[in-house]
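Here is a short briefing for a first look at a structure. Keep the sequence and the 3D view open while reading.

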Amino acid sequence: MEYAHDLDARGLNCPLPILKIRKVLNQAETGEVIRMVSTDQGSLKDIESFCKQTGNTLLSTASDDREHTFFVRKD
């Protein structure tokens, strides 16, 4: 998937991944996609809830044993 912004939130614990993606979304243009990689297990629920609350779209989530990758579109 193509994205305009790449956010590395590995090693950051809640609430830092949310604060970081909020900052990037505030700077992004409508329709741009942000890719965020996180190692925080809580990010799985946090990013989904954050997108619902802010009206942005969680396009996809992928996880392996160590990392979670999110693609979020600014709406």
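Helices (H or I, at least four residues) and strands (E, at least two) are DSSP runs, numbered from the N terminus. Cys-51, for example, is found in helix α2 (residues 43–54). This is a predicted model: local features need pLDDT of at least 70, side-chain atom pairs count only at pLDDT 80 or more, and totals for chains, interfaces and linings use all residues. Residues are numbered from 1 along each chain as its sequence is written, and side-chain values use heavy atoms, with hydrogens and water left out.

- Buried means under 20% relative accessible area, exposed means over 50%, and partly exposed is in between (1.4 Å probe, protein chains only).
- Six of the six residues of strand β2 (residues 33–38) are buried, so the strand is largely enclosed by the rest of the structure.
- In a regular strand the side chains alternate between the two faces of the sheet.
- Both faces of β2 are covered. Val-33, Arg-35 and Val-37 are buried on one side, and Ile-34, Met-36 and Ser-38 are buried on the other.
- Two strands pair if DSSP finds at least two bridges between them.
- β2 pairs with β1 in the parallel sense, over five bridges. His-5 has Ile-34 in β2 as its bridge partner, and Ala-9 stands opposite Ser-38 in β2.
- β2 and β4 run antiparallel and are joined by six bridges. Here Arg-35 has Phe-71 in β4 as its bridge partner.
- A right-handed β-α-β unit is made by β1, helix α1 (residues 16–27) and β2. Right-handed means that, with the strands pointing away from the viewer, the path from the first strand over the helix to the second runs clockwise.

**Val-33 in β2**

- Val-33 lies in strand β2 and is buried, with a relative accessible area of 12%.
- Contact means heavy atoms within 4.5 Å.
- Leaving aside neighbours within four places in sequence, Val-33 is in contact with residues including Met-1, Tyr-3, His-5, Leu-59 and Phe-71.
- Val-33 and Lys-74 are 41 residues apart in sequence, yet 6.4 Å apart in space, C-alpha to C-alpha.

**The aromatic pair**

- Rings of Phe, Tyr and Trp (its six-membered ring) pair if their centres lie within 6.5 Å; planes under 30 degrees apart count as stacked, over 60 as edge-to-face and the rest as tilted.
- The structure holds one aromatic pair. Tyr-3 and Phe-71 form this tilted pair, at 5.9 Å centre to centre and with 55° between the planes.
- Tyr-3 lies in the segment before β1 (5–9) and Phe-71 in strand β4 (residues 68–73), so the pair ties together parts that are 68 residues apart in sequence.
- Tyr-3 counts as partly exposed, at 37% relative accessibility. Phe-71 counts as buried, at 12%.

**His-68 in β4**

- Where is His-68? Its place is in strand β4.
- Is His-68 buried or exposed? At 3% relative accessibility, His-68 counts as buried.
- A polar contact is a pair of N or O atoms within 3.5 Å; within protein, one must be able to donate a hydrogen and the other to accept it, and residues adjacent in sequence count only if both atoms are side-chain atoms.
- The His-68 side chain has a polar contact of 2.8 Å with that of Ser-63, and another of 3.3 Å with that of Gln-41.
- Not counting residues up to four places away in sequence, His-68 touches several residues, among them Met-36, Val-37, Ser-38, Leu-44 and Ala-62.

**Cysteines and a cis bond**

- A disulfide is a pair of cysteine sulfur atoms within 2.5 Å. The structure holds zero disulfides.
- The sulfur of Cys-14 is 14 Å from the closest cysteine sulfur, in Cys-51, which is too far for a bond.
- Cys-14 counts as partly exposed, at 49% relative accessibility. Cys-51 is buried, with a relative accessible area of 3%.
- Not counting residues up to four places away in sequence, Cys-51 touches Asn-56, Thr-57, Leu-58 and Val-72.
- The C-alpha atoms of Cys-51 and Val-72 are separated by 7.9 Å, though 21 residues apart along the chain.
- Most peptide bonds are trans.
- A cis peptide bond joins Cys-14 and Pro-15, with omega about 10°. Pro-15 lies in the loop between β1 and α1.
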